[in-house]
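This report describes one protein model for a reader who is new to structural analysis. Please examine the sequence and the structure shown here before reading on.

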Amino acid sequence: MRHLLTAIFILINSTVLASNQTQAADSLLGVLKNTQSSEKRIQIYRNLADLYQENPEAHLYLLKMYQEAATIDDRKNMLNALDDILIAGISEYNKDTIAKYTEYFKKIATEDELKSLLPFYHMRTFDSRCYSGERTEAIKEELDSKNVETDKEDNVYKQIASAYNMGTSFYMSDQFKKAIPYLDKAMQLAETLPEKEKYIYKKFITWRVCFTYAQAGKNKEAVKIMEQLINMVEQSYYKKVKCGKI
C-alpha cells in the first residue's frame, strides 16, 4: 500500500508539474505573439527554453533565440543560446549537433572565447564519448593527441582539459588512485582562471574529483570536496541575486 501511495503521489505531482509547465508556456507564447521587440522576444525564447529544459522543445526555442538575436547582431545572446544547444548535444553525444553548432560558435566567438570554451567543450565531449560506447577510441585519441601536443600546450585551458581527460581515462579504467593527481592538477589550474571561467570549469571538474576520491576510499576528502562545490554554487547564486540577475 505504501508503495502504491508513493507512486500515486509521484504521478499526481508529475501531472501537476506538466500542467503548470503547459500553462506557463501557453502564457509566454501568447505574449510572444504580441511582441515586436527583438530584445523582448529573445528573453521570451530564453524563458521557454528554461521551462522545457532537457525536452526537445528546449532545442527549438534556443534555436529561435539564436535566430532572433542574430537579426539584431546580439552576439551575447547568440552565444548564450549556442552554448546551451552545444552542452545538450554533447550530453546526448549527438555528433551532428556537436559538429554543426561548434562551427556556428567558431564563426561568432572571439579569440579569447574560443581559447576558453573550446577546451571545456572538449572535456565534456570526452566524458560523453566514454559513456556512449566509445571509451576505448576516446582514450586512444586523447593519448595520441597528448603525445603530439605536449610542447604546444601554451594556454591554461588546454592544460586543464588535458589533465582532466587523463584523470578521467584512469577513472574509466577503474584506476582511481592514478586518476587523482591528474584531476587535482586540473582543479589547481582551474583556480588560476578568471572568475567566470573558474566557476564553469570547477563546477564540472569537481564532480569527477569527488567521485574519484570516493572510489579510491578517500571518503572524508570526497565529502569535503562536495561541500566546497555546494558552497561555490551557493555563492554564485547569491551574487546573481544581489546583482538582480535572478
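## Cysteines

Cys-130 is buried, since its relative accessible area is 8%, and buried means under 20% relative accessible area, with exposed being over 50% and partly exposed in between (1.4 Å probe, protein chains only). Cys-210 is likewise buried, with a value of 7%. The structure contains zero disulfides, a disulfide being a pair of cysteine sulfur atoms within 2.5 Å.

## Basis of the report

The model is predicted: local features need pLDDT of at least 70, and side-chain atom pairs count only at pLDDT 80 or more, whereas totals for chains, interfaces and linings use all residues. Residues are numbered from 1 along each chain as its sequence is written, and side-chain values use heavy atoms, with hydrogens and water left out.

## Overall architecture

The chain has eleven helices and zero strands. Helices (H or I, at least four residues) and strands (E, at least two) are DSSP runs, numbered from the N terminus. Along the sequence, the pattern reads α-α-α-α-α-α-α-α-α-α-α.

Of the 246 residues in the chain, 40% are buried. When contacts (heavy atoms within 4.5 Å) between residues at least 6 apart in sequence are considered, 52% join residues at least 24 apart.

Leaving aside residues up to four places away in sequence, Asp-127 touches Tyr-164, Thr-168, Phe-204 and Arg-208. The side chain of Asp-127 forms a polar contact of 2.9 Å with that of Tyr-164, and a polar contact of 3.0 Å links the side chains of Asp-127 and Arg-208. A polar contact is a pair of N or O atoms within 3.5 Å; within protein, one must be able to donate a hydrogen and the other to accept it, and residues adjacent in sequence count only if both atoms are side-chain atoms.

## Helix α9

Helix α9 (residues 176-190) has 15 residues and should span 21 Å at 1.5 Å a residue; the expected span is 1.5 Å times one less than the number of residues. The end C-alpha atoms of α9 are 21 Å apart, which agrees.

The buried residues of α9 include Phe-176, Ile-180, Leu-183 and Met-187. The buried residues of this helix pack against α8 (156-172) and α10 (195-215).
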